[in-house]
Amino acid sequence: MEDNILNQELIANKLIDEEEEFHHLNNPADGIKPIIKKYLGVPKSADQSGNKFYFSDGDAKVEVVVITNEIIRVRLAPHSVFLDEFSYAVPKLEQRAIDFTLTEDENEFKVSTSAVNCHIRKTDFFISFSDSNDFVTSSDAVPMHWEENVKFGGYYVFCTKTCHAEESFFGLGDKPTELNLRGKRLKNWNTDAYSFAWNQDPLYRSIPFYISVNEGIAHGIFFDNTFKAHFDFGAEDPTKTSFWADGGELQYYYIHGPHMMDVVKSYHILTGTHPMPPLWALGYHQCRWSYYPEAKVKKITNGFRENKIPCDGIYLDIDYMDGYRCFTWNRKYFSDPKRMIKELAADGFKTVVIIDPGIRVDDNYAVFKEGKEKRHFCRRSDDYFMEGHVWPGRCQFPDFTNPEVREWWGGLFDELVQMGVAGVWNDMNEPAVFGAGTFPDDVRHQYDGYRGSHRKAHNVYGMQMVRATYDGLRKLMKNKRPFTITRAGYSGVQRFSSVWTGDNVASWEHLKLGNIQCQRLSVSGISFCGTDIGGFSGEPDGELFTRWIQMGTFSPFMRAHSAGDTKEREPWSFGEPFTSINRKFIELRYRLLPYLYSIFWEHHRYGFPILRPVVMQEQEEITNHFRQDEFTYGDKILICPVLEPGATSRKVYLPKGKWYDFWSNLVIEGGKEIDVQTPLETMPIFIKAGSVIPEYPVMQYVGEKEIEEVKLNVYFSDYEVNSFLFEDYGETFAYEQDIYLEKKFVVNGSRAKLTIQQSMEGLYTPRYENYEFNIIGLPFKPTRIIADNKEFKDFTFDKDKILKLKLRKNFTQIVID
Ligand code: GLC
């Protein structure tokens, strides 16, 4: 026993030195003398209460909660008092694991489910996790520790785990750096980062969730702490991974894999998924700071129709308002907004307006007056209102962490909704304040009854703003799906909004960065994401803009946006050949809408990310941990954007299996890198063999024409592959009452035969009657087609060896031989 204590002290002393380094680096401005950290001692007791297990060293307590067979939550209470259960990220903590046990031997306590063991070592309180094969996936390198915060109260809380030689790390939201975070130290503190640079940290969002892959096995850590949080993935010491925060509780969810996909799906179980967007929101959006007056807006929207370039969303940036006062209109520029929005709608455009959190201090402005009377604005610790300058000048800011304020805010959209506004864009909600950057630490927040300072509320402020916006719109729009987009967010923001990556730059480096950021956001819970196509600041040339449109065609959210001091930036602004290529890709976006809508459904309902980095396909292969250009869009389409100027070819890695070149239909065996020609008119797109890719006819906007038939492109394979098609009304919440159709196609081929089966679930009936099949890559000349036991003679097999036929949409089986 004495040995143990000595050992413990030795370890602690060694680590104090190390950890003081952390403290020093991360709180340099505090002016506090480093304080000795306290480490968990030796666990002396173990108790169980349902799915919760408690271990104590006599003073501090650790809680281990079994949530599912794969998810275990760990919490630390330095003096045995846990904080109340409350999280903006995890709205409902449902316990889903059925069988779990607590066992004990001379070395450890062990909490086990069918998938995971959580070990609490008796000598030193090290906590580790292993899988059912006894492979240790995660283990403490130091006992959990903390340090009193003498300035603000509470604790700095730390967790340090072993980092393995070949361990890789993914996730953490919008970090503008390499996809694999190994060797990086990063911080979460929502920040307005105009024209951010590669490696700049932090940016707009805080997503304290990462995925580790070591020896081919993945696990995730979700550190649900809203304070300024830090992550070190072997940067300071290559043998350690640490995460810590400047306050709050040391609380993390260990999420077991073994596959990265399992981890992401479990993370979605905790924090939720995006609701289904209105179908139009998956179309192309055009934005600019700002299109005004009305005549300019019309000039742009007419430009789309004249150039026959599809577009669904048109944005009004801050200049539509009267002196940047939210919920007002500049009547000089927009004399009759309701009429304008109606006319735009008649031409197929949905109007999206920006709304920022800063409310101008002006007693003649109704929103300010009401907010002031109801005391809805944030106050400092001395009770004076928090004031700061943003676009409107001197402003106060609603406390969105107060449910009453959220309710009030949601109601403010009434007039905009009456006018026909279809979507709202929440910006500057980190929150951003000119000069100061953000609010001072002492600002008080109601925090849904769990009051706290801005240190606790800062990272959730933007998420609560867009939550208020989304919930308000949802009520006001009755059964219609609102569209929202936010710049700031915290884990779980996906339940309320899409996001874009903020104020990027018109450069090739930013094109690369945007490609990585969208993949990273997608594995961090935020699938509905995109970049400012073309780059917000600076001037792209035609080539860069076109390459960006090509990549954006495969961003779940597709919007071009640019700062006010830049040249015109519409898809036709660069002349030919760019206009035609941009049109071709935006048309491709519209052709593939039913595919995107279906993978969105897979995200919403089953928790799959929409964009998937190649490492998600083959995580056991270490070289894939460093591939960051290629990604799959859903699991059927592989995209590799062209990211270099003047590129006439590029290398693309195809994961194992057979792939079809989308442009030529050539079949290529994967599991290797290939050279692909990349003239400006194309970018590398590959379709997985066995896929059924649905297509709509090109339209200038969603709903322009009645869909008379859906094209199904079937890519032959000699192994079985499942595909999905999701259909519903596209704009209501009827899907929540099962009014949708989820179709499953199973394709299975051999040297002389192909079968396609279809099954369906749900209560929706699409209005079209037929499918138009294009069956690609048949290795034989078809002579007989049997559809649901009847021979079908009406087909063609052209010189490109594409079998074409039309069939009723309700078939269950087709056999071709
Ligand atoms: C911020 C936004 C940008 C917007 C501008 C004016 O910089 O990130 O998208 O255009 O403010 O509202």
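These are my notes on what I looked up in this predicted model.

**Ground rules.** I count residues from 1 along each chain as its sequence is written. Because the model is predicted, I take local features only at pLDDT of at least 70 and side-chain atom pairs only at pLDDT 80 or more, while totals for chains, interfaces and linings use all residues, and side-chain values use heavy atoms, with hydrogens and water left out.

**Whole chain.** I find 12 helices and 54 strands. Both are DSSP runs numbered from the N terminus: helices are H or I with at least four residues, strands are E with at least two. The radius of gyration is 27 Å, close to the 28 Å of the globule rule for 817 residues, so the chain is as compact as a globular protein of that length. The radius is taken over C-alpha atoms, and the rule is 2.2 Å times the number of residues to the power 0.38. Along the principal axes, the C-alpha atoms fill a box of roughly 85 × 70 × 50 Å.

I looked up burial next. Of the 817 residues, 63% are buried; buried means under 20% relative accessible area, exposed over 50%, and partly exposed in between, with a 1.4 Å probe and protein chains only. Among contacts with a separation of 6 or more, 69% link residues 24 or more positions apart. A contact means heavy atoms within 4.5 Å.

**Cores.** Which residues touch the most other members of the largest nonpolar core? They are I355, W409, F773 and I775, in a core of 186 residues. Helix α8 (residues 454–476) gives this core its largest share, 9 residues. Apart from it lies another core of 42 residues, including I72, F100, L186 and A245. I use nonpolar core for a set of buried Ala, Val, Leu, Ile, Met, Phe, Trp, Tyr and Cys residues joined through side-chain atoms within 4.5 Å. Leaving aside neighbours within four places in sequence, the contacts of F773 include L712, V714, I756, L803 and F811. K804 is also in contact with F773.

**R75.** I place R75 in strand β5 (residues 71–77). Is R75 buried or exposed? It counts as buried, at 4% relative accessibility. Beyond four places in sequence, its contacts include K61, E63, E85 and E249. D319 is 244 residues from R75 along the chain, and their C-alpha atoms are separated by 47 Å.

**L102.** This residue lies in strand β6 (residues 101–104). At 30% relative accessibility, L102 counts as partly exposed.

**Backbone checks.** Most residues other than glycine have a negative phi, and most peptide bonds are trans. I noted a cis peptide bond between Y292 and P293, with omega about -5°. P293 is in the loop between β21 (284–286) and α3 (294–307). Another cis bond joins E430 and P431, with omega about 0°; P431 is in the loop between β27 (423–426) and β28 (444–445).

S195 is not a glycine, yet has a positive phi of about 50°. S195 sits in the loop between β14 (185–188) and β15 (205–206) and is partly exposed at 26%. D383, also not a glycine, has a positive phi of about 80°. I find D383 in the loop between α5 (366–373) and β25 (388–390), partly exposed at 48% relative accessibility.
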